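Dear colleague,

Please find below the structure that I promised to pass on to you, followed by my notes on what was found in it. I would be glad if you could read the two side by side.

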Amino acid sequence: MPDSRRPGPGPGPGPGGADHRTLPVIRYLDAVLRRASVPMEAEPFEPDWGDQPRSHKIYRQVPGFPLPDQVPHPAAPLADVLPARPQGLGEGFTVPLLAGMLRHSYGWLSRRLQITADPGQGGREAYGHAAWARGSAAGGGLYPCEIYWVCGPGAGPLPGVYHYDQPAHALRRLAAGDVSPRVREALGSAPTAGRQFLLVTVRFWQNAFKYGEFSYHCVTMDLGCLLRTWQTWAAACGIGLRPRLWYDEPALDRLVGLDPATESVLAVVPLPWRGATAARSDRPGPSPAPTPRVAAPLPERSRTVLRFPAAEAAHLAAAYDSGPPPGPRVLAGAAAAAEPAPPADGQPDASGYAPVPLPAPAPLGAGVAEALAARRSSFGRFSAHRPLAAAELAALLRAAAAGRQLFPDEYGGEPPSHSAPALTRLAVFVQHVAGTPGGLHLYDSAAHALIPLSGPAPHPFLQRIYTLDNYNLEQAAAVLFVLARPHAVLAAAGPRGHRLLNAEVGAVAQATYLAAAALGTGCGAALGFDYEAVHTALAPAVGPDTWPLLALMTGHERPDRPRFDAPLVPNHPGPRHDLCPSSSPSPSPSPRPDRTGRR
């Protein structure tokens, strides 16, 4: 990447607004928010489906080894681990446990066919266009993330850099040698335990060939879906995962052999490893080894690869930003309106309406592996003939609120008691929920109640603001909107604030999907709506700087839907049951007949 692309140095963002480093991200964000009325591309853009890229990177003729298929499934109930609080005291990862997490998050779980109302799903019955279901959600089912394991000493395999081969469920060694000190060096002065790291990259063209300029906004939410899946899986095994978004990104891109304009490291996840001694970046250690030569993947399959200047400028501004991470006190200012102040019992809040208490959430008895295997998108299959139970809506809202805590640790070296605040809040249009008044509400997670708001009736407003044709929103029992103050977050966190916020939004979506899978209800996420229209409808209640970033539809689906689901994951755990010490072994569920395609 030529140095001319790198933003120049400058002071960090102040509390009153963003500095020049953040301007490309602000311009990009503004274009996203008005995309329903002003196209983001300078010229009309249509995807070339005959020239689309591969669904994953391929490294040929490099050594590697298959990961075990049969691993013990975490037995902790999903409801206990959605807030990503470890259940019990886990001893750390092992190779089989890591294999289970990778398989159930981004590996291929089943081959699915489903009749849907989504015109983009046409031709999926052909084997060459198979819909391979995965545990984590991804915009358009495109799955642009790639996963690399920087394996240090003590893990078992030869130290080096490994790439996760998704279809084969295998690891390919791209470079040999211990380069974990380079990752610790890139992470900076904050304490980092261990010598094992997962690096999550995004191949921008994998999504941009379909969504153009909008793709960068989409893939940063995909990142949050994947990170939340890992945290949920690890928490069920008594392990806490602490993803990092602030580090020397160009250094890690060079380590994996990436061109930042086409693919970049968007998150680092240190892996606590069983039996490993702690290694901290603030302790003296050996000098990092020279950057090894990394094997190259097969060239891009698309004959024509387009560049999208606004998305690229926003990404590079974040990639080359060397500012420190924001402290939780700074982020708290950006999230000042993220939760309403709890009103007195039974008294109206500022909206003039008395809160509507929700019942106890319906139990989410499914295990993590079961919920990940059953996770799917409803597309156009909602039916209002069977209302959603109030307890089911309560469970979905509580899960969505729990999903917000993607980065529970402190930032900027502040005391651990100062955890990062949630940056998002939830609004919900209730339509077909038994025993619950219809209309527009805010969800107060502290009081577990709905706060009614003055606003448009759900129908026909919701269908009018939806810009696609794969959902009939009138048939959804409820439509949740994830709200945030994006400009305030950028002012507080700098260029990477866009990633931070969108990752949290993606985590909310993944938690909601998993709760819906456990309940047996439908769920679908959408970004194709008129942001300005929803903002206008909500602004009197939530303020003019609060914007909707994601819509989540939920409700029961039409019965007797034709489908085909051939699972690829073994139905039973392996012979060893001591790999997840915080939970007893639990057999994998038999295939359920109501699994369908992916998001």
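**A buried salt bridge and its relatives**

E557 is buried, and so is R376, where buried means under 20% relative accessible area, exposed means over 50%, and partly exposed lies in between, with a 1.4 Å probe and protein chains only. Before going further, please note that this is a predicted model, in which local features need pLDDT of at least 70 and side-chain atom pairs count only at pLDDT 80 or more, while totals for chains, interfaces and linings use all residues. Residues are numbered from 1 along each chain as its sequence is written, and side-chain values use heavy atoms, with hydrogens and water left out.

E557 and R376 form a salt bridge whose closest N and O atoms are 2.7 Å apart; the term stands for a side-chain nitrogen of Lys or Arg within 4 Å of a carboxyl oxygen of Asp or Glu. E557 lies in the loop between β15 (547-555) and β16 (563-567), and R376 in the loop between α10 (368-374) and α11 (390-402), so the pair ties together parts that are 181 residues apart in sequence. Helices (H or I, at least four residues) and strands (E, at least two) are DSSP runs, numbered from the N terminus. Salt bridges that share partners also join E249, R496 and R499 into one network.

D165 pairs with R172, the closest N and O atoms being 3.2 Å apart; D165 is buried, at a relative accessible area of 13%, whereas R172, at 22%, is partly exposed. In the salt bridge between R307 and E312 the closest N and O atoms are 2.7 Å apart, and here R307 counts as partly exposed at 47% relative accessibility, while E312 is buried at 12%.

**Helix α8**

E312 also belongs to the buried set of helix α8, together with A311, A314, H315, L316, A317, A318 and A319. The helix, which spans residues 309-319, is thus described as mostly covered, with eight of its eleven residues buried. What covers these buried residues includes α1 (23-33), α5 (204-211), α6 (215-236), α7 (249-256), β8 (263-270) and α14 (497-519), contact being taken as heavy atoms within 4.5 Å.

**The sheet around β10**

Seven strands form an open, antiparallel sheet in the order β9-β12-β11-β10-β13-β15-β14, where two strands pair if DSSP finds at least two bridges between them. Its edge strands are β9 (356-357) and β14 (522-526), each of which pairs on one side only. Helix α14 packs on this sheet and touches β10, β13, β14 and β15, its direction making about 5° with that of β15; axes are lines fitted to C-alpha atoms, for helices over the stretch in contact, and angles run from 0 to 180 degrees between N-to-C directions.

Within the sheet, strand β10 (residues 424-430) has seven of its seven residues buried. Both of its faces are covered, with T424, L426, V428 and V430 on one side and R425, A427 and F429 on the other. Seven bridges join β10 to the antiparallel strand β13 (residues 478-484); in β13, V482 is the bridge partner of L426, and F481 stands opposite A427. With β11 (residues 439-444), β10 pairs in the antiparallel sense over five bridges, and there V428 stands opposite H441.

With best regards
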